[in-house]
Amino acid sequence: MDHAQSVRAGQRTVQLHRPDKVLFPDDGYTKADLVDYYRSVAPFMLPQLRGRPLMLERHPDGIKGERFMQKDTPDHYPDWITRVTVDKKEGGTVTHTVCDDTATLVYLADQAAVTLHRWQSRTGRIDRPDRMVFDLDPAGDDFEDVRRAAHRVGELLDQLRLASALMTTGSRGLHVVVPVNGHHDFDEVRGFAKDVADTLAEAHPEELTTAARKKDRGDRLYLDVMRNGYAQTAVVPCTVRAKPGAPVAVPIAWDQLDDPKLHSRRWTIADAAEQARGNPWQGLLRHGRALGPARRRLNALRNNTSSSS
């Protein structure tokens, strides 16, 4: 019989309901396992969460049951959980949950929020993102395509003198995350990311594409920059994915990219905390750059390419 359980999380005690509820039926992982995992990675995950509106991917009947994508915060959530009300693109408002502490992370796990998706901006400057994301989405399951694309993205960002960090998605691809200084609006950041992606797709037309429609991509890897728009989200570093094996989106160092064991589901709920403790992003995302100088370098590069072709 399922029972209730109290969990200490920071300064608070959070009540777990049905902790024995199996969320991953093929693997036997329960809600209590999910809570334990999120408590273990909280020191590494919270800096990536604080101040950011969230979209919660909830699976109250386990990952084979119905999925709920929750943006609005229910009235019954405790008043100590941070909320932020933002404008919808189509009018009206939505009140997102913000995870600022371990207790909130535990509470959301108790709500069967298996996967957390975050905005690229924070509540203090909601219209000014401080992250830019390139989502490397392969056409098939060949991770070599992803590895090669990540190298190409990283090399171009290096040329533009923009720092970048890598993350497995726990699904099929990788994310390349770039810190920006928070002085540009969403349209500027997305427009810059699109020009970077287009530059790469034009240089490697057999491998890469920016075609939004699947039928136009063929077997090329899709450089997805749409997560850089207003109210768009990307999976949070260290979040669990609702897939068999309980894979985790895990920060990695660039020198791990060529590890033959690497793939997008390399780490799971069983061992992801160990990888996170290594802090592979240490110092990388602290100082976001302005995009003006990078834009000038990119324009010069594109002009040189077009004049020499």
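**Close-up views of a predicted model**

**View 1. Arginine 217 and its neighbours.** Leaving aside residues up to four places away in sequence, arginine 217 touches Asp137, Thr209, Ala211, Ala212 and Tyr222 (contact means heavy atoms within 4.5 Å). This is a predicted model, in which local features need pLDDT of at least 70, side-chain atom pairs count only at pLDDT 80 or more, and totals for chains, interfaces and linings use all residues. Residues are numbered from 1 along each chain as its sequence is written, and side-chain values use heavy atoms, with hydrogens and water left out. Arginine 217 sits in the loop between strand 13 (208-209) and strand 14 (221-224). Helices (H or I, at least four residues) and strands (E, at least two) are DSSP runs, numbered from the N terminus. Is arginine 217 buried or exposed? Its relative accessibility is 11%, so arginine 217 counts as buried (under 20% relative accessible area, with exposed over 50% and partly exposed in between, for a 1.4 Å probe and protein chains only). Its side chain reaches the backbone oxygen of alanine 212 at 2.8 Å.

**View 2. Helix 2 and its cover.** Eight of the nine residues of helix 2 (residues 102-110) are buried, so the helix is largely enclosed by the rest of the structure. The buried residues are Ala103, Thr104, Leu105, Val106, Tyr107, Leu108, Ala109 and Asp110. What covers them includes helix 1 (31-49), strand 1 (5-9), strand 2 (12-16), strand 5 (53-58), strand 8 (93-98) and strand 9 (113-118). Alanine 112 follows helix 2 and has a positive phi, near 60°.

**View 3. Helix 3 from end to end.** Helix 3 (residues 143-159) has 17 residues. From first C-alpha to last it reaches 25 Å, close to the 24 Å expected at 1.5 Å a residue (1.5 Å times one less than the number of residues). What caps its N-terminal end? Aspartate 142 does, with a side-chain oxygen 3.0 Å from the backbone nitrogen of glutamate 144. Buried residues of helix 3 include Phe143, Val146, Leu156 and Leu157. Arginine 152 is also buried. Just after the helix, arginine 161 takes a positive phi of about 60°.

**View 4. The lining of the largest cavity.** Which residues line the largest cavity? They are Arg118, Gln120, Val133, Met167, His175, Val177, Ala234, Val235, Pro237 and Trp281. Strand 12 (174-179) and strand 15 (234-235) are the elements that give two or more residues to this lining.

Technical notes. A polar contact is a pair of N or O atoms within 3.5 Å; within protein, one must be able to donate a hydrogen and the other to accept it, and residues adjacent in sequence count only if both atoms are side-chain atoms. On a 1 Å grid over the protein atoms alone, a cavity is a set of points where a 1.4 Å probe fits but cannot get out, and a pocket is an open set with protein on both sides within 12 Å along at least five of seven lines; lining residues have an atom within 4 Å of a point.
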